[in-house]
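Here are a few notes to go with the model, written as numbered points.

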Amino acid sequence: MIEADLSLFTEIDARRQAEAKLQNVLERLENRAAKRTTELQEANAALRVLLSNMTTARDEYDHRVLSQLKGLVLPVLEQLRGRLYEDPTARAYAEMLEENLMAVTASMSGSLTTVFKALTPAEQEVAQMIMRGQSTKDIARTLSREPGTIDFHRNNIRKKPGLRNSGQNLRTTLLSINWKYGGIPHIPPWFSHRSSWCRPTYPVPWYHGNQPGRKNQQGTATMEKNDRDLEPTLLNGATDELVPGLSRRSFFMAAGATGVGTAASLLGGTSAQAQSTDWTQPGNNNGVIELQKTTGTEVAGDVGIEFFGHCALKFTSPGGATALFDPWRDDPSGAWGLWFKNEFPETPVDICLSTHTHFDHDAIHRPVSTMVLDRMVGNFEFADLKITGFADKHACVAPGWYNWTNALAEFGVEACPPNNVSHMDMVVYVIETGGLRTLIWGDNRHNPPQEFWDTISEIDILTLPVDGSMHILSYDQGNDIVERLNPRVIIPTHYLNETTSYTLTTLQDADEWVKSQNSYQMLDSARVSLNAGDVAGMNREFMYFGHNAMTAWAREFSGSVPPQTRQWSGRSGISEKASATRHALGGL
């Protein structure tokens, strides 16, 4: 009995000792875990500090790189681009270099890029004006909007990612983001010129570099090849400052209303210069000499129509003669901002014509043309083409939401006849070839006098400037013209074409108007070929090019095709006979 009790006590003691050892091991493990946790927490804190320092150092490095690019590289690159105007291949390489710089520095753009990408065009414009310190009333006055509309945009801007719950006023928040990344407003690419992607930009860009009429250190007036493009100039030849008492908005509006010459008198610098470059065009008039021998001869066959965006249309007659109407460019005064994504392509053509002197219709220097008929009134006949010009007036009251015609009245000139300013004069054209009569409406008013309608007579193909914003003609005005002329084919023009034009045009596409018609075709190409026999069976058929546009440069006059060339498929606008004729002639 006693032995059994001793054995039990011995076992109990052994268990107590084992439990004590286990408890000791557990405490050591817990202490070690606590120590390791403390070490990890300290390491994490140190890593956070290190990461923050690395981010700050990276931002500072990005700032330095962008500042050096802006001050040292880009001015030289722009000088180089200007001097390479006559060499398309070298110019293309310069543009590739610029694009590569943009790609390399894309990660340095900062958070303002993300913020601006989330904004609508109207919100972006308001945001920039807020950053410049303008009040709601100032912005409303500048944009001709109600203050309530501006407040609506401000509230929407505050709700965008990166601006929510900032605890600061909107201007301070935008400027703090902007300053953090080098003081450069990172506006989306469509909002600034491709040559000034690292410069501060406003709704209308202002550029540095060689400017028309500026003088070099020796005091001699310089005239670079690209000066004919009349880029916006720096005021007083140095800084982005206006002469006393003149706001930037006032200068833009004055330039748009009264012309570059009048607006230039408001600046401290010298006036712009321009020179003809037609003598540098490649090719010669051998083809025209051969085609003129056929003048007065009617040729049956297809009529080719090629769309270059906006109102620019190129016609190819069955006999091979070509005529291009209303090539476009950006406004040289800068008043109306950046409209087009590229320069108008240097396409070869026999005849280039312009309906009026607005920038989006008058780039007659761009096509490689043998003849230029600028606002021609009267009759012209060449090969199997007959062209008649009728003088009338530009639409002078904007029917849509954007009252662009008000700009003229603000600066003391009249838009509407009989005392309209000269650039509101208009010429419409009737081109006859291949048994078809086409009316190029241009931007003509919707209500010309009766003698206009009597003279025009019957029309097979009608072009009309109608878009969703109703910039030139409203839907009803366009429909009334169609009803009055009763054409067999209608081609919409002067609308937003994503291949060629920017949102800054304030234009919209023409989809809604076209789809409201009884019969329409959504063309899948920038070319269409029409035959008089086929057209005779049509009745008010709308043919809509949509976002298709010709952008390719002529291979026969250039050693290489620029990288941005787009090729379009679909029915060719040039008949086999016309192509064979041109190939055999070996020239324009």
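1. One term first: two residues are in contact when heavy atoms of theirs lie within 4.5 Å. In that sense Glu125, Val126, Met129 and Ile130 of helix α4 meet Ile139, Thr142 and Leu143 of helix α5. Sorted by type, the residues of this α4 and α5 contact are five nonpolar, one polar and one charged.

2. Please keep in mind that this is a predicted model. The protein has 588 residues, of which 47% count as buried, and its secondary structure comprises 16 helices and 14 strands. Among contacts with a separation of 6 or more, 66% are between residues 24 or more positions apart.

3. Back to the helix pair. A packed pair of helices is described by the distance between the axes and the angle between them. For α4 (residues 121-131) and α5 (residues 136-143), the axes come within 10 Å and cross at roughly 130°. Angles of 65 to 115 degrees count as roughly perpendicular and those over 145 as roughly antiparallel, so α4 and α5 are oblique to each other. The crossing of α4 past α5 is right-handed.

4. On the α5 side the contact uses Thr136, Ile139, Ala140 and Leu143, and on the α6 side Pro147, Ile150, Asp151 and Arg154. These residues divide into five nonpolar, one polar and two charged. Ile139 and Leu143 are worth a look, as they take part in the contact with α4 and also in the contact with α6.

5. Now helix α13 (residues 475-485). Which of its residues are buried? They are Tyr475, Gln477, Gly478, Ile481, Val482 and Leu485. These buried residues pack against the strands β9 (436-440), β10 (461-465), β11 (489-493) and β14 (541-544), and against the helices α12 (450-456) and α14 (511-515). Just after α13, Asn486 has a positive phi of about 50°.

6. On aromatic pairs, the count is 15. One of them joins Trp441 and Phe452 edge-to-face, with 5.7 Å centre to centre and 85° between the planes. Trp441 sits in the loop between β9 and α12, while Phe452 is in helix α12, 11 residues apart. Is each of Trp441 and Phe452 buried or exposed? Both are buried.

7. Another edge-to-face pair is Trp513 with Phe542, at 5.0 Å centre to centre and 85° between the planes. Here helix α14, which holds Trp513, is linked to strand β14, which holds Phe542, across 29 residues. Trp513 and Phe542 are both buried. Elsewhere, ring pairs connect Phe308, Trp328, Trp339, Phe340, Phe344 and Phe359 into a cluster.

8. Lastly, a loop residue: Thr295 lies between α10 (286-292) and β1 (303-307). Leaving aside residues up to four places away in sequence, Thr295 touches Glu381, Phe382 and Ala383. The C-alpha atoms of Thr295 and Leu385 are 7.8 Å apart, although 90 residues separate the two along the chain.

How values were computed
Residues numbered from 1 in each chain as written. Predicted model: local features only at pLDDT ≥ 70, side-chain atom pairs only at ≥ 80, totals over all residues. Heavy atoms only, no water. Buried < 20%, exposed > 50% of the residue type's maximum accessible area, 1.4 Å probe, protein only. Helix = DSSP H or I, 4+ residues; strand = E, 2+ residues; numbered from the N terminus. Phe/Tyr/Trp six-rings, centres within 6.5 Å; stacked < 30°, edge-to-face > 60°. Axes fitted to C-alpha atoms, helices over the stretch in contact; angles between N-to-C directions. Parallel < 35°, antiparallel > 145°, perpendicular 65-115°, else oblique. Left-handed = near helix turned anticlockwise from the far one by under 90°. Nonpolar A, V, L, I, M, F, W, Y, C, P; charged D, E, K, R; others polar.
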